[in-house]
Amino acid sequence: MAASPLRRGLLGRTYLMPLIIAVISSAGLLFALIGDGLWDYLSWLALGFPVAIGLWFSNRRSRDQRRSTRGAV
Amino acid sequence: MTNKALRQWSWVHKWTSLVCTLFLLLLCVTGLPLVFYHEIEHVLGNEVEAPEIENPGVNASLDTIVTNSKAHFPGKQLQYLSWDEEEPALVYAGLGDELDSEDGNRYLALDARTGEALGEIPFQGTVMFYVYRLHVDIFAGLAGKLFLGFMGLLFVASIVSGIVVYSPSMRKLDFGSVRHHRPRAVRWLDLHNLLGIVLAAWMIVVGGTGASIRGRIWFSVWRNDQLTEMLGAHKDNPRPETPASLETAIQTARDKVPGMIPSFVAFPGTLYSSTGHYTVFMHGDTPLTSKLLQPVVIDAATGDFTDTREMPWYVTTLLISQPLHFGDYGGMPLKILWAILDVITIVVLVTGLYLWFRRRRPNAANRFADDAEIAPRYAGAPAE
């Protein structure tokens with residue numbers, strides 16, 4: 001049982017980043033509902049977070065890869 | 001979790017996704033322009049603007065507005081008047097062939113200060129009308145709405161099961177790993193996992209609220225349940241031949257719930273009121289309370305106050321769900337974020353569809369290269 005993937009994922013680090021992102025994006029959804037002005041700015045920042053993480057990690061390795069391709073040639 | 005449980009979750013993820021993916025693609029593609037509905041209608045010239053006038057501080061009597069609305073569409077029945085906080089100089093009128101008809105309704109903008117009819121707001125037959133219908137009911141009325149709602153629920157189920165199968169799939173990888181040097185099937189699996197898990201919360205909220213927004217249905221429940229209760233002995237009052245002044249009725253509503261302003265008023269005999277009453281839906285003036293409605297019922301024969309109550313939980317839930325689905329509650333930057341998140345959702349759907357297709361028909365050449373990596377890690381696969 002201790003070795004089951006979901007359990008290990010929950011206890012370990014697999015779900016750590018996803019959990020942080022989920023909490024921040026949910027907060028972003030609520031902030032703009034609570035108020036205007038500062039709350040809107042907070043909401044844009046918080047909802048921009050999953051977008052930034054998604055885009056950054058999608059492209060991250062491609063730079064490493066380009067480097068290693070150049071190295072190989 | 002046992003291998004058997006994992007296999008079951010994989011099965012749930014596969015089938016809930018497969019059934020809803022094509023409809024979700026339709027919803028994402030049509031949802032994108034709907035995020036910018038007002039901006040697009042503005043550019044297309046389908047919005048009416050209030051002219052500059054000399055004495056802007058004074059508003060016309062709502063009774064004049066009622067008269068002018070009816071005069072603009074002779075033979076049509078006036079169903080609603082509504083207000084928009086962003087456009088204080090305008091009042092909108094909704095008219096239909098019958099008091100309780102929904103199809104073919106026409107919308108008119110009037111000048112709140114002079115009472116003059118400014119022009120029809122076109123809806124039927126516009127480009128956005130087709131986009132809207134595709135998004136809301138695929139031109140199939142109530143059946144289409146319920147069907148798309150069900151697809152929304154499957155979407156939520158596929159996200160939840162996707163979160164479960166994310167763990168075994170990421171067993172040997174760091175968060176955010178995308179193996180760009182590997183074949184496309186592996187690369188796209190990594191992208192699907194990354195973008196899917198990053199957007200999970202937003203997709204659950206937008207998918208879940210989209211599935212539950214069935215406005216007319218919840219308002220019908222309210223009308224049969226609480227409105228009937230509020231009217232008590234007056235519930236079967238006939239529709240008055242010459243209704244009491246609307247101006248006075250709205251003033252009475254304002255006095256009964258101080259601090260709130262009218263959002264819309266439903267005329268006697270329409271879907272949002274009873275046969276013998278005006279129902280004035282008031283809303284607050286703070287960001288949160290402006291989304292909530294409180295109905296004030298006014299006897300349309302006498303103009304007397306009948307009752308007011310807070311909306312039941314299901315209508316309140318609906319009213320809070322709407323902004324969370326539309327993304328229209330935090331200015332233009334929030335709309336732009338909504339659009340980006342929508343496009344990323346399309347990427348998650350397309351990569352998911354590709355992975356299913358790829359697993360279904362692995363050709364011999366690729367079999368050895370990628371199958372071990374893109375196959376779900378279960379079924380007693382030998383430990384590497």
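## Basis of the model

The model is predicted, so local features need pLDDT of at least 70 and side-chain atom pairs count only at pLDDT 80 or more, whereas totals for chains, interfaces and linings use all residues. Residues are numbered from 1 along each chain as its sequence is written, chains are lettered from A and ligands numbered from 1 in the order in which they are written, and side-chain values use heavy atoms, with hydrogens and water left out.

## Salt bridges in chain B

Over all chains, the structure holds 10 salt bridges (a side-chain nitrogen of Lys or Arg within 4 Å of a carboxyl oxygen of Asp or Glu). One of them joins K335(B) to E39(B), with the closest N and O atoms 2.9 Å apart. K335(B) belongs to helix α10 (residues 331-360) of chain B and E39(B) to helix α2 (residues 37-43) of chain B, so this pair ties together parts that are 296 residues apart in sequence. Helices (H or I, at least four residues) and strands (E, at least two) are DSSP runs, numbered from the N terminus. K335(B) counts as buried at 10% relative accessibility, while E39(B) is partly exposed at 27%; buried means under 20% relative accessible area, exposed over 50% and partly exposed in between (1.4 Å probe, protein chains only).

D111(B) and R113(B) also meet in a salt bridge, at 2.8 Å from N to O, and both residues are buried. A further salt bridge links D307(B) and R309(B), whose closest N and O atoms are 3.5 Å apart. Here D307(B) is buried, with a relative accessible area of 18%, and R309(B) is partly exposed at 28%. Together with E229(B), D307(B) and R309(B) are linked in a network of salt bridges.

## Interface between chains A and B

In this interface, 37 residues of chain A are in contact with 38 residues of chain B (heavy atoms within 4.5 Å). The buried area is about 3200 Å², of which carbon and sulfur atoms give 72%; the term denotes the accessible area (1.4 Å probe) that two parts lose on being put together, summed over both. In chain A, the residues losing the most area to chain B are L29(A), L33(A) and W44(A), which together give 21% of what that side buries.

Between the two chains there is 1 salt bridge: D174(B) pairs with R13(A), the closest N and O atoms being 3.1 Å apart. On the side of chain A that touches chain B, α1 (5-11), α2 (16-34) and α3 (38-72) each supply at least two residues. The largest share, 16 residues, comes from α3(A).

## Aromatic pairs

The whole structure contains 26 aromatic pairs over all chains. Rings of Phe, Tyr and Trp (its six-membered ring) pair if their centres lie within 6.5 Å; planes under 30 degrees apart count as stacked, over 60 as edge-to-face and the rest as tilted. F123(B) and F129(B) form an edge-to-face pair, 5.1 Å centre to centre with 90 degrees between the planes, and both are buried.

F219(B) and Y272(B) form a tilted pair, 4.9 Å centre to centre with 55 degrees between the planes. F219(B) lies in helix α7 (residues 215-231) of chain B and Y272(B) in the loop between β5 (261-266) and β6 (277-283) of chain B, so the pair ties together parts that are 53 residues apart in sequence.
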